[in-house]
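Subject: Structure handover

Hello,

Please look through it first, then read the notes below.

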Amino acid sequence: MSAPLLTLLKRDLRQLLLGGRRGGATLPVLFFVAVAMLYPFAVGPDAPLLARTGGGVLWVAALLAAILPLDRLIEPDLELGLFDQWALRGISEEAIVAVRVLAHWLSFGPPLMLAALPASALVGIDGAKLRVVELGLLVGTPGLAALGVTVAALTAGLRGGAALGGLLVIPLAIPLLVFGAGSLATGGESGLALTGAVSLVLLAIAPFAAGAAIRAGRG
């Protein structure tokens with residue numbers, strides 16, 4: 001990674017991890033754990049039911065946690081004209097998006113994997129299923145990050161863009177949810193492989209789709 005992109009990565013990480021008044025990386029983690037805490041109250045003390053459905057609940061919580069910082073991913077920099085400045089320095093929108101996806105993932109992916117340890121105990125997931133959940137989050141959350149940045153670029157500048165972005169991310173993330181949560185029922189390997197495949201496709205598409213959307217927004 002070149003020096004300008006490394007500087008950009010550090011800057012993006014600082015903004016996404018700290019986040020100022022918006023909570024940074026703390027808010028998605030707290031939201032994730034809160035969902036895991038509330039779910040047993042909703043379904044009751046049925047341990048087998050919790051064990052069967054807990055993995056899916058954690059995946060839904062991970063998706064919703066990834067949506068929380070959508071309004072901070074692209075729009076603030078677009079409004080400040082930073083993309084114009086980066087373009088003058090020869091940094092393409094695709095490279096910026098790739099760095100932004102990496103920063104977004106680092107700000108919520110690993111923290112959610114750590115938060116999954118206490119969350120799994122709250123929803124009754126045993127050690128074997130926890131391993132599948134952690135591997136699923138490892139291969140699936142990069143796809144969620146890529147999808148989030150792409151949708152943020154597509155909705156930047158629109159009135160109510162953050163809410164619209166959240167509505168767009170949820171249906172587009174269904175394949176990741178289906179394969180990620182389904183890996184718990186299929187024994188892990190096939191579901192994880194499909195989750196990783198979808199995630200790789202999203203990672204490959206994100207820089208070009210989001211880059212084109214940013215150029216259109218600048219124009």
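A nonpolar core here is a set of buried Ala, Val, Leu, Ile, Met, Phe, Trp, Tyr and Cys residues joined through side-chain atoms within 4.5 Å. Keep in mind that this is a predicted model.

**Core**

The largest nonpolar core has 66 residues. Phe-32, Leu-58 and Ile-74 have the most contacts inside it.

Take Ile-74 as an example. Leaving aside residues up to four places away in sequence, Ile-74 touches Phe-83, Arg-100, Val-149, Ala-152, Ala-153, Ala-156 and Ile-214.

**Helix 2**

Helix 2 has 18 residues, which should span 26 Å at 1.5 Å a residue. The end C-alpha atoms of helix 2 are 27 Å apart, so the two values agree. Its buried residues are Pro-28, Val-29, Phe-32, Val-33, Ala-36, Tyr-39 and Pro-40. Helix 3 and helix 6 are among the parts that cover them. After helix 2 comes Gly-44, with a positive phi near 90 degrees.

**Helix 6**

Helix 6 has 30 residues. From first C-alpha to last, helix 6 reaches 42 Å, close to the 44 Å expected at 1.5 Å a residue. There is a kink in helix 6 of about 35 degrees, at Ala-116. Just after helix 6, Gly-124 takes a positive phi of about 80 degrees.

**Salt bridges**

The structure holds six salt bridges. Three of them deserve a look.

Asp-77 and Arg-11 meet through their side chains at 2.7 Å, N to O. This pair links distant parts of the chain. Asp-77 is in helix 4 (residues 75-80) and Arg-11 is in helix 1, 66 residues apart. Arg-11 and Asp-77 belong to a network of salt bridges, in which they are linked with Asp-12 and Arg-100.

Glu-93 and Arg-215 form another salt bridge, at 3.2 Å, N to O. Glu-93 lies in helix 6 and Arg-215 in helix 10, so this pair ties together parts 122 residues apart in sequence. Glu-93 is buried, with a relative accessible area of 7%. Arg-215 is at 36% relative accessibility, so Arg-215 counts as partly exposed.

Arg-215 also forms a salt bridge with Glu-94, where the closest N and O atoms are 2.8 Å apart. Glu-94 lies in helix 6 and Arg-215 in helix 10, so here the parts tied together are 121 residues apart in sequence. Glu-94 counts as buried, because its relative accessibility is 19% and buried means under 20%.

Best regards

Note on methods
Residues numbered from 1 in each chain as written. Predicted model: local features only at pLDDT ≥ 70, side-chain atom pairs only at ≥ 80, totals over all residues. Heavy atoms only, no water. Buried < 20%, exposed > 50% of the residue type's maximum accessible area, 1.4 Å probe, protein only. Contact = heavy atoms within 4.5 Å. Helix = DSSP H or I, 4+ residues; strand = E, 2+ residues; numbered from the N terminus. Expected span 1.5 Å × (residues − 1). Bend = angle between axes of the 7 residues up to and from the residue. Salt bridge = Lys/Arg side-chain N within 4 Å of Asp/Glu carboxyl O.
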